[in-house]
Amino acid sequence: MADFSLNDDQQQLKDWIHQFAVDVIRPAAHEWDEAEEFPWPIVQEAAKVGLYGLDFIMNAMGDQTGLTLPVAIEEIFWGDAGIGMAIMGSGLAAAGISGNGTPEQVMEWVPQCYGTPDDVKVGAFCVSEPDAGSDVSNLRTRAVYDEAKDEWVLNGTKAWITNGGIANVHVVVAAVDPELKGRGQASFVVPPGTKGLSQGQKYKKHGIKASHTAEVVLDDVRVPGRCLLGGKEKLDAKLARARERGKSGEAQPAMKTFEATRPAVGAQALGIARAAYEYALDYAKERVAFGKPIVMHQAIAFKLANMATEIDAARLLIWRAAWLARNGGFKNGEGSMSKYKASEVAVRVTEEAIQILGGYGYTREYPVERWHRDAKIHTIFEGTSEIQQLVIARAISGMRVE
Ligand SMILES: Cc1cc2nc3c(=O)[nH]c(=O)nc-3n(C[C@H](O)[C@H](O)[C@H](O)COP(=O)(O)OP(=O)(O)OC[C@H]3O[C@@H](n4cnc5c(N)ncnc54)[C@H](O)[C@@H]3O)c2cc1C
């Protein structure tokens, strides 16, 4: 049975990260949002204290209750979501390698997604393309095997890639057999300094501006055979099965990674929502209108009551999904439910926070407008809200809802 009381280690970790968020992340948030630059000094500081790096991620992933990671992420994103993405973005590449790679590949490549505290690196997970975001079965990026050299040749353009072009390790999902759609795809590691990989345009974004998002262009990128995650034998067997069974083959690699990381993405949104709620509550107790603190007006008090309720509901769904991911797996799209609920709650709660702060809330002097901008990405990336509903609908109905 799931037990949602945090153990001593988890409580200590939560307090420690919260303090880091108070002391380091939040004071830097405004500056990096305005600069729209990757906050290397903050990520380096996180690495020095042990919050960014392989050990931290391994420790969090190794926890059997599943709660350590969402608890940690909520605190980091409570500090700031743009900086939070800069700290957590490499986790998607690490998850892509861990989810599809052999133990040897995991040992070789995951550490290189993080570097060391003295030489911090980042990783990128490259799936989306200009014409394939939600529909990841439709990737145009091709991977062709050059048997004579035991090399794979990658060609294509990836869009919207977190850490794209600035990463040490790029994990690229490409079509090996486009006819097979998602079941004909494989994941490849592109090692540091590989020729032919370059950064395309860097996007100017609505929110999480401190996080780097860019196109990744792959122009005859050659990687050794050992960079195919899972190995050639496993891929050949998978392709043969897919050709035999058609649509009933196993899930595509990108989808597997996204499924596993959904509660963590929900926890990001939750951190932003909680930040906005706490700020709005404090403000409502101080701000006086019509002779009393605005929290004494029921319209404002009820907003805050709804915000608190929705945040707790989102957290319970996230913790349940995180627990299930380690203990039996999802049955009714619980991972998607958690991400869907938390993202929508974050958008709504941050909007209500702006409302509670009135005109001040609409200015960049106060953080709530930034939190609203930052929250919005969560209904879009790693599966839009509509795609989460599709996953849930398919899980509960057993039908291929389109
Ligand atoms: C800041 C940022 C960071 C990102 N980081 C990464 C990253 O690191 N790696 C990566 O691979 N990708 C990344 N992405 C890409 C992201 O995952 C995609 O943008 C997202 O999946 C949506 O794809 P799309 O933009 O092509 O929208 P589309 O798929 O074109 O969707 C447009 C609209 O149509 C709806 N829609 C589409 N299909 C259906 C359907 N079947 N039923 C109902 N509605 C549907 C969608 O919900 C959406 O509302 C990032 C994006 C952003 C903005």
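Colleague: Before we start, what does buried mean here?
Modeller: Buried means under 20% relative accessible area. Keep in mind that this is a predicted model.

Colleague: OK, so is Ile208 buried or exposed?
Modeller: Ile208 has 5% relative accessibility, so it counts as buried.

Colleague: Where does Ile208 lie?
Modeller: In the loop between strand E8 (197–202) and strand E9 (213–224). Ile208 also has a positive phi of about 30°, although it is not a glycine.

Colleague: And what about Glu382, what's its phi?
Modeller: Near 55°, which is positive, and Glu382 is a residue other than glycine. You'll find Glu382 in the loop between helix H12 (368–376) and helix H13 (385–397).

Colleague: Is Glu382 buried or exposed?
Modeller: Glu382 counts as buried, because its relative accessibility is 13%.

Colleague: Switching to helices: at what angle do H4 and H10 pack?
Modeller: About 140°, with the axes of H4 (residues 68–79) and H10 (residues 298–326) 9 Å apart. H4 and H10 are therefore oblique to each other.

Colleague: Which residues meet there?
Modeller: From H4, Pro70, Val71 and Glu74; they meet Arg315, Ile318, Trp319 and Ala322 of H10. The residues of that contact split into 5 nonpolar, no polar and 2 charged.

Colleague: Last one: how far apart are the end C-alpha atoms of H11?
Modeller: Only 34 Å, while a straight helix would reach 40 Å at 1.5 Å a residue; H11 (residues 334–361) has 28 residues.

Colleague: Where does H11 bend?
Modeller: At Gln355, by about 60°.

Key:
Residues are numbered from 1 along each chain as its sequence is written. This is a predicted model: local features need pLDDT of at least 70, side-chain atom pairs count only at pLDDT 80 or more; totals for chains, interfaces and linings use all residues. Side-chain values use heavy atoms; hydrogens and water are left out. Axes are lines fitted to C-alpha atoms, for helices over the stretch in contact, and angles run from 0 to 180 degrees between N-to-C directions. Helices (H or I, at least four residues) and strands (E, at least two) are DSSP runs, numbered from the N terminus. Angles under 35 degrees count as roughly parallel, over 145 as roughly antiparallel, 65 to 115 as roughly perpendicular and the rest as oblique. Contact means heavy atoms within 4.5 Å. Ala, Val, Leu, Ile, Met, Phe, Trp, Tyr, Cys and Pro count as nonpolar, Asp, Glu, Lys and Arg as charged, and the others, Gly among them, as polar. The expected span of a helix is 1.5 Å times one less than its number of residues. The bend at a residue is the angle between axes fitted to the seven residues ending there and the seven starting there. Buried means under 20% relative accessible area, exposed over 50%, partly exposed in between (1.4 Å probe, protein chains only).
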